[in-house]
Structure formats: C-alpha cells, structure tokens
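Here is a short report for a first look at this structure. Start with the view below.

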Amino acid sequence: MKRNSKLLALMLSGTLVAGPLAYGVLPALADQTSPAATNQKSADAVAKTTSSSNDTELLTTVDDAYTAMREVRAARLALFDGNTDMATQMTNDAIAKMQSAETSEAKWGVPSKSGQQGVTYVPFDSSIMLGEGFTVTPDNSKAVSAANDQMAKGDAKGAAETLKASNIDVSVAAAMVPAKLSLTHLQVAAKLIKSGKYYEANLALKGVEDGVVIDQWGLAQLPRQAGQATKSSATTAAPQTAATKSNG
C-alpha cells in the first residue's frame, strides 16, 4: 500500500489557495457526460495532482480507494453508453481496489463527523484549505510564496505550518469512503450487470458514490488514524474555514 497524502493546492497567480478536492471535480455523473468519456483506460483512472506529499504528519490517504472511486464513475459512464463489457471491467477493477482499501482500514481508517456513526471511513483524497475570504496582502505574501515552494517540494506539513505561523487560517479537508459498505454495493452491482439488470446496477454503483463524505478539520483537530498518536484535543475548537462541497 502506497502511503501517499494527496494534498492538493491550486497554484493560481502565485498564490496557495483553497481548492476543491480532486474527487469533487471528477467528470459529472453518467447522465451528464459525453460518450467519449468511456474510452478512457483503467491506467488513466487516477487524476494527476498539482502537488503531492509522502508526509503522513497531516493525513494519510489510500490510493486504492481513490482508484476504486474513479473506476466506479467509469463503470457508470459505460452503462450509460451501453458499453456493458467496459462496465463489467471497471466494476471488477473497482472491487479489487476496494478490497485492498478495506484491508487498509485498520491502519488508516477514521470516524467521520458527517457520515454514519460507528462506521470506519478511508480517506482517499485531501486538500489544504485556507480560510474563507482569504486574500494576499503585502504582510502575508512572503508566507504564501514560501508555502507554495514547500508544496512544490512535497512538504505539505511544512507549508501548513508556514501559513499558520503567519496567522493564516489553515485546515485539511478529506473525501472519505466506507470501504466495507462500498464493497458490498460493488459486488451487488457486478451481479446485476451479469444478469443484464443495468438500471439496477447503476443504482448500486451510485450507492458507492452516495456514501462518500467530505470532512474538514483544523490542524490541531486532525483525526487519529489507527497506528498514529492522537493529534486532536476535545477542548480546542477548530478554526472557521471555507466550506468544501463535492460536485460528484
């Protein structure tokens, strides 16, 4: 399992700004996309990120869960276009990746603030977020520039600390999926496709996407991932930051 934290920061006008998670800007659902989208190969399923980090001091994401979610979207697109062979392939690929992601729950799973209680979620995409209404000023421009340089070098934790030291509101947002529950939906979808029940299969795949939650934490309130020391304090309030919404 590759321990890779996809900390996405959009570099706009030389400024590190809060941007949507990569998952949030995936192609629209099957009923909103063109037929050409189904021609993408499995090898192209994982989106390229502006910058990435192996630094697990912030939040570790699970690559297999990320890939599985891309395959789910590809399978729905294929069903929409009547390409059942492709839908079968993408669904089976998603099952394999989600099975791997499920084994990672013990190491990297976290509870969700906005999801189901008592369910373990696997972070699969994350982003450094800046406070709502943030603008570059002469006072903070050096810190922003330094943080951009650190992000470019893969030092996400350093970038976050640089921003925080300049009193710039920083938080981490993550898209997360309940791997075990998602795997059940995928296995049902595979059986429905095999039986020729494509409408029902699409609904089962949609169930995987509907299970995704996006949570956001201040740097001092990052969730405890299994195997890591706690980073949170129940008595410390999280800073107010820009809301993140999924567009999937």
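Predicted model: local features only at pLDDT ≥ 70, side-chain atom pairs only at ≥ 80, totals over all residues.

Residues are numbered from 1 along each chain as its sequence is written, and side-chain values use heavy atoms, without hydrogens and water.

**Cores**

The largest nonpolar core holds 32 residues. A nonpolar core is a set of buried Ala, Val, Leu, Ile, Met, Phe, Trp, Tyr and Cys residues joined through side-chain atoms within 4.5 Å. Buried means under 20% relative accessible area, exposed over 50%, and partly exposed in between (1.4 Å probe, protein chains only). A65, M69, M98, F124, V177, L186 and L205 have the most contacts inside this core. Two or more residues each come from α1 (63-80), α2 (84-103), β6 (122-130), β7 (170-177), α6 (179-194) and α7 (198-210). Helices (H or I, at least four residues) and strands (E, at least two) are DSSP runs, numbered from the N terminus. The top contributor is α1, with 8 residues. Another core lies apart from this one; its 24 residues include L58, V144, L163 and I168.

**Helix pairs**

Axes are lines fitted to C-alpha atoms, for helices over the stretch in contact, and angles run from 0 to 180 degrees between N-to-C directions.

| Pair | Angle | Axes apart |
|---|---|---|
| α6 and α7 | about 165° | 8 Å |
| α1 and α2 | about 160° | 8 Å |

The angle makes α6 roughly antiparallel to α7 (over 145 degrees). Likewise, α1 and α2 are roughly antiparallel to each other. The crossing of α6 and α7 is left-handed, meaning that the near helix is turned anticlockwise from the far one by less than a right angle. α1 also passes α2 in a left-handed crossing.

Contact means heavy atoms within 4.5 Å. In α6, the contact residues include S182, H185 and L186; in α7, Y198, E200 and A201 are among them. This contact has 10 nonpolar, 3 polar and 1 charged residues. Ala, Val, Leu, Ile, Met, Phe, Trp, Tyr, Cys and Pro count as nonpolar, Asp, Glu, Lys and Arg as charged, and the others, Gly among them, as polar.

Between α1 and α2, the residues that meet include D64, A65 and M69 of α1 and M86, M90 and M98 of α2. They divide into 14 nonpolar, 3 polar and 4 charged.

**K107**

K107 sits in helix α3 (residues 105-108). Its relative accessibility is 46%, so K107 counts as partly exposed. The C-alpha atoms of K107 and A226 are 4.7 Å apart, although 119 residues separate them along the chain.

Terms used
Parallel < 35°, antiparallel > 145°, perpendicular 65-115°, else oblique.
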